[in-house]
Amino acid sequence: MGVTRMEPDPDGGAAPIRPAPAVQIDHLTKRLRSGVTAVDDLNLTVDEGQILGLVGPNGSGKTITLKILLGLVRPTAGRVSLFGDEVSPGATVLGRVGALVDGPGFVPHLSGRRNLDLACRQIRLAGGPADLDGAIDSTGLGSAIDRRFSDYSHGMRYRLAMAQALLGRPDLLLLDEPTTGMDPAQSHEVRIAIAERASAGATVVVSSHQLSEIELVCTHAAIMRQGRLVASGPVPDLVGRHPLVRVDLDDAGRGVGVLGIMPGVTRVVQAGPTAVVVEGRSLRPVDLVDGLHAAGLTVTGFRSRTFEDSYLALFEESVGSPPRSPRPEP
Amino acid sequence: MIAIEWVKQFHRPKAYATLGIVASFSLVLTVALALTGSGQTEFVGDLPLQMVPRASGYSVPIIALSSTMKFFLPLAVALFAGESVAGEAGWGSLRYVMTRPVSRTRVLWSKAAVAGVLSLVSVMIITVVSLVVGAMAFGLHPLPIVDGRASAPDHVVSATISGGAMLGSLALSTLYVTAGMASIFAAAFFLSTTTRRPLVAVAGGVGLTIISRIFNGDYLPGVSVVNKYMPNNDIDLWQHLFLRPAATDGFVHFLLLQLVYFVVLMGLAQWWFTRKDLLH
C-alpha cells in the first residue's frame, strides 16, 4: 500500500529540548452563535515533518479547526499554537503557513496571474519570500493564467488555490479537502505536490473525505466526530489496530484449520461456507495464500483491511456500538 | 496593502461602470438643458437660487450637484463602501488575505481608503465633468443668480457671480457635498463588515439617506428635533454659497454631524471587523 511504518522514537539518553510542535491544539472548544458546539475540547499535536490526515464526516469540525489554526475564527476556549507561537488574527507566525480552506477564493474579475501577484505582494509586505513565476508554473495552467478567474473551471480554480497555498514555501501547509471534485489524475497531482512540500521538510495537515487518499499520502491521521477526536496516530497503527484479513476460498471449514496454526495468526473465524476472517499481527498476504495453496485449497479472493475499514470500526467504537467484523464484500 | 486593495477595487467592471454613469450624468444633464431650456430665469428643482441655466456653463455643476446629492451620489458612495469588505468576503478571497500576517485593522483601513477615494472621485466627477461640458455648451460667462427665497415674484437678479468667485464657491460646494457623504459611506462600510452580501450594505447606506429624508421637517413638521440630528437633511445648504450675501449658517452643525456619524460608524466597523469570526 506504500505506507511505511514510522520509526519508533529514538529514545536515547538525556532528551534534548524538543522543538515546539508545528501544531499544538489544547482543549480547543468553539461554540457558534447558533449554539452548536463545532469543536469540543479538542487536543491534537502535529510534530514537524508529519503529514496528518484530518478525517471525519461533514460537520465534524475539521474545517473550523483549520480556520482557528489560521486565526480566522476565535476559539471559545482553549488555545492553539503553531511552532510554539499562539495564533491570533494576523499573527506573525502565519507567515510560515500556506492554506487552502473552504475552497478557492480569488478576485473574480482579475486573471489568475494577477491574483497570484497580489498574494505575492502581500507575502512580501510581511517580509516573506514569494516566487510568482514558480507559482505560475506550478499551476500548469499555461496561457489560461491570463484569463479572468471567473472563467476558470473547477479544476483550474483548485490548481490556482494550491499554487497560492504553496507560495512563500510554507513550513506548514493547511489543506482543507484540496481534491474536492477532482478527477483521479488531478488528485494525483495534488498528492505529489503535498509529498514534494513534505519532503522539503514542511508539515502538512490535510482534511479529506477520501480515506484511500489519506492512506496514500499521510504519515498520521486524526479522526474527528462531532468536534471531538475519536482516534489519532500513525496511519499504519490506525489501520493495524484491528488487523484483519478476509480470505475467500473453496472450503472455509478446512481453511480455518490451516490458517489457525500459521505464525502470527491469533484468531480465525469462518464467515460463511467459502470465507474466513483472519486476525493477527504482521500478517503477510503471500504467507497466507502460500499456506492455503500448500494444503490444496484454492483462494478465490483476498482483501486486507484498509484505512476505511479501520475508520468505520473506530467510528462505531466511538459511538458505542461494538466494532463489526469486516464488512461484507460489495 | 492600499496598493493591493486598489488593484482589486479599481480594476473591476463595476467601478468603471459606476464612475462612467456618474460622468455621463453630467453630459446628459447638459444636453437636456441645451435642448429644453427656455433661456428664461427658471426655478431649478426646489433650489433657493434661480438662474438662467443657459446663460453660463457655471450653472451646470450647480444643477448637477443639486440633482445628484440626495440619491444618485449616495447610491454611488454606498456602492463603493458597501462592496469593499462584503464584496471580497463574497468572493471568498478575504479569508486568504486574512490568513497572512497582516492585522485586520490594516486590511480594514486599506479598504476604507480605497473606497473613500473612489467615493471622493465620484463627487468630483460630477462637478468637474459638468463644468467642462457646461463650459463647452454655454461658455463661462458671469452667472446671474436670483434669490428664490426673497424675490420670487419679482425675479430680481440679486447677484452676478463671476469667474474666480464662482470657481471658489464650486470647490467649496463640492467639498461640502463630499463631506455630506461621510455618514452614508460609514453606514454602508460598517454594514459591509457584517455581511457577505454587498447589496445589504449598499441598501443600508442608501437607507440612511431615505430615513433621513423621512424625518425631513418639510414632510413631517412635528419631528424637527429628530430632524436636526438626521445626517442628510442639510446637504443642500451649500447652495446658499451662491446667494448674495453668501450664507454659511448651519455649515458647522452639518459638518460636525457628519463627523459624529462617521466616527461612530467607522468605530463600529473597526470593533466588529477585528472581532468577527470569518466562518465563510
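Me: Among contacts in chain A between residues at least 6 apart in sequence, what percentage join residues at least 24 apart?

Reply: This is a predicted model, and in chain A the share of such contacts that join residues at least 24 apart is 66%. The secondary structure of chain A comes to 10 helices and 14 strands, and buried residues make up 48% of the 330 residues in the chain.

Me: How many residues does helix H5 of chain A have, and what distance does it reach from its first C-alpha to its last?

Reply: One can compare the reach of a helix with the span expected at 1.5 Å a residue. Helix H5 of chain A, residues 184-199, has 16 residues and reaches 22 Å, which is close to the expected 22 Å.

Me: Which residues of H5(A) are buried, and where do they lie around the helix axis?

Reply: A residue counts as buried when its relative accessible area is under 20%, and as exposed when that value is over 50%. In H5(A) the buried residues are Gln186(A), Ser187(A), Val190(A), Arg191(A), Ala193(A), Ile194(A), Arg197(A) and Ala198(A). Seen down the axis of H5(A), they fall within an arc of 155 degrees, so they line one face of the helix. On the other side, Pro184(A), Ala185(A), Glu196(A) and Ser199(A) are exposed.

Me: What do the buried residues of H5(A) pack against?

Reply: Their partners, all in chain A, are strand S3 (51-55), helix H4 (154-166), strand S7 (172-176), strand S8 (203-207) and helix H6 (211-217).

Me: Which residue caps the N-terminal end of H5(A), and which residue just after the helix takes a positive phi?

Reply: The cap is Asp183(A), which places a side-chain oxygen 3.1 Å from the backbone nitrogen of Ala185(A). Just after H5(A), Gly201(A) takes a positive phi of about 105 degrees.

Me: Which residues touch the most other members of the largest nonpolar core?

Reply: Of the 150 residues in that core, they are Leu82(A) and Phe242(B), while helix H6 of chain B, residues 104-138, gives the most to the core, with 11 residues. Leaving aside neighbours within four places in sequence, the contacts of Phe242(B) include Leu49(B), Ile62(B), Ile145(B) and Met166(B).

Me: Is Leu243(B) buried or exposed?

Reply: Leu243(B) counts as buried because its relative accessibility is 0%. Leu243(B) lies in the loop between helix H10 (224-229) and helix H11 (251-273) of chain B. From C-alpha to C-alpha, Leu243(B) and Ala159(B) are 7.2 Å apart in space, although 84 residues apart in sequence.

Definitions and conventions. Residues are numbered from 1 along each chain as its sequence is written. Chains are lettered from A and ligands numbered from 1 in the order in which they are written. This is a predicted model: local features need pLDDT of at least 70, side-chain atom pairs count only at pLDDT 80 or more; totals for chains, interfaces and linings use all residues. Side-chain values use heavy atoms; hydrogens and water are left out. Helices (H or I, at least four residues) and strands (E, at least two) are DSSP runs, numbered from the N terminus. The expected span of a helix is 1.5 Å times one less than its number of residues. Buried means under 20% relative accessible area, exposed over 50%, partly exposed in between (1.4 Å probe, protein chains only). The arc is that of the directions from the helix axis to the C-beta atoms. Contact means heavy atoms within 4.5 Å. A polar contact is a pair of N or O atoms within 3.5 Å; within protein, one must be able to donate a hydrogen and the other to accept it, and residues adjacent in sequence count only if both atoms are side-chain atoms. A nonpolar core is a set of buried Ala, Val, Leu, Ile, Met, Phe, Trp, Tyr and Cys residues joined through side-chain atoms within 4.5 Å.
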